[in-house]
Amino acid sequence: MPIILGCIADDFTGATDLANTLVKNGMRVVQVNGVPGSASAKDLGDADAVVVALKSRTCPVHEAVSDSLAALAWLKVVGAKQFFFKYCSTFDSTDIGNIGPVSDALLDALHADFAIACPAFPTTGRTIYKGYLFVGDVLLSESSLKDHPLTPMRDPNLVRVLSRQTDELVGLVDLNIVRHGYERVRTAFEALKKGGNRYAIVDALDDADLGVIGRAVADHPLVTGGSGIALGLPENYRRRGLLGAATPPRLPEVDGPTIVMAGSCSQATRTQVARARKRWPSHQIDPLKLSDAAVAARTLADEILRDIEAGPQVVYSTADPDTVQKVQSELGRNRAGDTVERFFGHLAANLRDGGVRRFVVAGGETSGAVVTALGVRAMRIGPEIDPGVPWTESLTLGATDEAPLALALKSGNFGGEDFFEKALGMLDGGDD
Ligand code: ADP
């Protein structure tokens, strides 16, 4: 099956977010972690869209550009017909990049002369009006993003922000035009192109606006934006007969023991862990006792594996802010984080070697560490557990004969209080 849409995401959880949005709109989606060397379209099963997850949001510009071009080249090989560059809905970037330089390079490589830049994602409160990005009720520059440690966003005007990152001209298609429908939007694109613009920031306040914009970019080789703008794309493919009627996503078909691992200390995860501890055997991790993370992981894995056939178990380093503060003042923030992440990576690999097949992981960085340690190269995206968090099934991309794993990877603050039960209940038809 040829791939219709080829996506390049500038971070891991952003890739999953985009994949999940496309699945909810009826596409079959595979997420690939990094650019696969040799994988071909047939390794992607029946996917309609593929999302390559990079780590290019804050890396040096030349790396972001070369990784993105490598992803594009591979997506062309697997037959993608339209391309999508996904970045954060808060346009996380600096004056030197990486959104502008990557977009320039992708357009050049596609011999294309124009693309939109639309990070709007109204369901998560990100809207654009007159080119100004709002986060909830406040301008981007007044939101907590102004203090982001790596990409502080202090200018809410996206025309200005993108203009500083590229030598190309950046125009605006404002809400008055969007509200007149996709044909008017297309006319506005043509006018901007005639005026020498290579980019258009496009206003959007709700999902209907995103639908209009999605239709207007049906012929664009490259679309750039947040996950929201992907809402409108599947319908274009259906209109053209490229995509069949929406099929419900399949759950992972993976039997075997289950582990829940929580390395997030976010509020939602703390509530979820408190509930899970009452239900399943649990192991609390104290980062101060992880002087050798590999040995500690091996020891705990042996203990867990003795009884894992009896039912799920929970391992958590989740702690309240005071405890985290204490750990950080003793170890340093980065060392504390790295140590706990390395521990969970080793633990996941040991448990997999011992027969564990289903992994539920809480925490964005923690998930990244676990997926890397497990060597998961790609995942087929399944149904959503809670908003923004799908079940996934690992794919080996034809490289080995490893058994597939079921993976639910959530960023810390996602999911309701019963997230873990809900996730496991879905795999077992409600009986966990
Ligand atoms: P979230 O998605 O909630 O941000 P992450 O996994 O991305 O979760 O980040 C949590 C970070 O906190 C990780 O680097 C993790 O290793 C670290 N961490 C987890 N538990 C503790 C703890 N008890 N003390 C200090 N740091 C911790």
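Asn 98 is placed in the loop between β4 (82–86) and α3 (99–109), where helices (H or I, at least four residues) and strands (E, at least two) are DSSP runs numbered from the N terminus. The peptide bond that leads from Gly 97 to Asn 98 is cis, with omega near 10°. This is a predicted model, in which local features need pLDDT of at least 70 and side-chain atom pairs count only at pLDDT 80 or more, while totals for chains, interfaces and linings use all residues. Residues are numbered from 1 along each chain as its sequence is written, and side-chain values use heavy atoms, with hydrogens and water left out.

**Overall form**

- The protein chain contains 14 helices and 18 strands.
- For 432 residues, a compact globule would have a radius of gyration near 22 Å, and the 22 Å of the protein chain agrees with this; the radius is taken over C-alpha atoms, and the globule rule is 2.2 Å times the number of residues to the power 0.38.
- Along the principal axes, the C-alpha atoms of the protein chain fill a box of roughly 70 × 50 × 35 Å.

**The loop between β4 and α3**

- Phe 91 is also found in the loop between β4 and α3.
- The phi angle of Phe 91 is near 55°, a positive value in a residue other than glycine.

**Ligand site**

- There are 18 residues around the ligand, of which Ser 264, Ser 266, Glu 341, Glu 365 and Thr 366 come nearest; a residue is near a molecule if one of its heavy atoms lies within 4 Å of it.
- By class, this shell has 6 nonpolar, 10 polar and 2 charged residues. Here Ala, Val, Leu, Ile, Met, Phe, Trp, Tyr, Cys and Pro count as nonpolar, Asp, Glu, Lys and Arg as charged, and the others, Gly among them, as polar.
- An N or O atom in the side chain of Ser 266 is 2.5 Å from an oxygen atom of the ligand.
- For Gly 337, a polar backbone atom is 2.9 Å from an oxygen atom of the ligand.
- Thr 366 has a polar side-chain atom 2.6 Å from an oxygen atom of the ligand.
- The elements giving two or more residues to the shell around the ligand are α11 (321–331), α12 (333–353) and α13 (364–374).

**Second largest pocket**

- The second largest pocket holds about 190 Å³ of space. On a 1 Å grid over the protein atoms alone, a pocket is an open set of points with protein on both sides within 12 Å along at least five of seven lines, a cavity is a set where a 1.4 Å probe fits but cannot get out, and lining residues have an atom within 4 Å of a point.
- Its lining has 17 residues, and Arg 28, Val 29, Asp 46, Arg 250 and Arg 380 lie nearest its centre.
- Both β2 (29–33) and β16 (378–386) supply at least two residues of this lining.
- The lining divides into 10 nonpolar, 2 polar and 5 charged residues.

**Cavity**

- The whole structure has 1 cavity of 30 Å³ or more; grid points are joined across faces, edges and corners, and a volume is the space filled by probe spheres set on the points.
- The largest cavity has about 50 Å³ of space.
- Residues lining the largest cavity include Asp 10, Arg 57, Phe 85, Asp 92 and Asn 98.
- This lining comprises 3 nonpolar, 3 polar and 3 charged residues.

Key:
A polar contact is a pair of N or O atoms within 3.5 Å; within protein, one must be able to donate a hydrogen and the other to accept it, and residues adjacent in sequence count only if both atoms are side-chain atoms.
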